[in-house]
Amino acid sequence: MLRLALATFFAAATALPGLAAAQDLAQLEAAARADRRDADAQVAYGHALLRAARYRDAYRVLHDAARLRGNTLEAHFDAARAAFAEGDYRRSRAACQQLERRGRQETLTKVCRARAFLVWNRAGRAFEELEAALAQDPNAFEVQLALGDAHRLRASTSESEAAYQAAIRLDGSRYEAQFGLGLLYANARREADALRAFEAAYRLEPNDPALLFELGTRKEGAEAQRLLTRAVGFRPDMVRAHEALGDLALAANEDAAATASYEAALAASDESAPAHYGLGVVDYRAGRIEEARTKLERAIELVPNFLEAVLLLGQIQEQTGQTDEAYESYRLASNIDLQNPAGRLHGARLAISEGRATKAIGLLDPVIQRQPNLGAALALYGDAWRIRRNREEAIRYYERALSQGTGDFDRQATQRSLDEVRNQTGPRRLQRATVR
């Protein structure tokens, strides 16, 4: 019953927000078509297209709406946002020319050119425009916001933070500066500050899919699932949000929901390594070993240092008798992240299952040097000494694992091994290691 309830929850939560977002876009389109001279209707539809990442359609609608809004600089700058979001420099410059025709030296025109240069990755030229705009009008929200973005892209944390804070003081009703602060803090690994900034931005704008993604990946459980589902409702092509939804479902053992999300990610981009990996995990759980292998190999082809995929492929190789290949995968995993002991632990477990104590100890020594109280490594050390029939050393390491061991390891199995050694029983070779 619990599994059915979880499945129902995931299905309902995934379907309804996405459907609502699609209906919202359709309704706004219908309203815009019903009265093509209604500027507000055209702008609302253009913004909805922008949220949906239909950038060229958004620009067309907002550009046409600018005429209904009196061809003001603000109206044309609003249309230019679609070109900036698309990341197309030529379209961005063409959009800025609409402003230049109406006021080449105006502050907003300078900001537009700066935004276009940022799209082109020409930060130096962008700052020239922004400095001129700042001298002309230091109290313009768009100037301070663009300065915050430009400094953030340069990883100039203090300058970016100051500009964003200035923008917030100038107009606290706009969410973009809070969102920029969240991205800035996230890049600086100030996660608590990032979360607060994203939450502040969300209170001002609950429909930005990029913001929904950032906030959703920092929440847990149903709240994370709701936010991410809203993100893909607005942006069906948002690969990372589909991946994150798949990961949530996978962690909840909802493999059907995970499969749906990962397949949606692959429909948007076949080069989604996390989606290939997630589907490989689903296949592995279902006993479809060869299908899992194929998907994991694809994930590793796309991202060679994909640690989790390399480890799971090693386990499959081990289970299918490809011992040499498994050792190589575990070696690769240990090299991908020198601080992560998983590759060496898996390799040591495999060596112990084969009765190769020397190889196991060689794999474990660097782990113990870095993490002297890691319970899984200590327990495996005990297994290795047990194979060597060194009763005293085996007892010492088993006892140390049980009394001082940290991390996740099978304490019950370790205790059984200790009892067997104390009683001088147990096989020379162990068929099951004490690491999970």
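**Close-up views of a predicted model**

A search of the whole structure turns up 1 disulfide (a pair of cysteine sulfur atoms within 2.5 Å). This is a predicted model, in which local features need pLDDT of at least 70 and side-chain atom pairs count only at pLDDT 80 or more, while totals for chains, interfaces and linings use all residues. Residues are numbered from 1 along each chain as its sequence is written, and side-chain values use heavy atoms, with hydrogens and water left out.

**View 1. The disulfide joins Cys96 to Cys112.** The S to S distance is 2.1 Å. Cys96 sits in helix α5 (residues 89-103) and Cys112 in helix α6 (residues 107-119), so the pair ties together parts that are 16 residues apart in sequence. Helices here are DSSP runs (H or I, at least four residues), numbered from the N terminus. The torsion about the S-S bond is about -90°, so this disulfide is left-handed. Both Cys96 and Cys112 are buried (under 20% relative accessible area, 1.4 Å probe, protein chains only).

**View 2. Helix α16 (residues 273-285) is mostly covered.** Of its 13 residues, 10 are buried, among them His276, Tyr277 and Asp283. The cover includes α14 (239-251), α15 (255-268), α17 (289-302) and α18 (307-319). After α16 comes Gly287, whose phi is positive, near 80°.

View 3. pLDDT is the predictor's confidence in each residue, from 0 to 100. Where pLDDT is low, the predicted coordinates should not be read in detail. The protein chain averages a pLDDT of 93, and 92% of the residues score at least 70.

Notes: Helices (H or I, at least four residues) and strands (E, at least two) are DSSP runs, numbered from the N terminus. Buried means under 20% relative accessible area, exposed over 50%, partly exposed in between (1.4 Å probe, protein chains only). Contact means heavy atoms within 4.5 Å.
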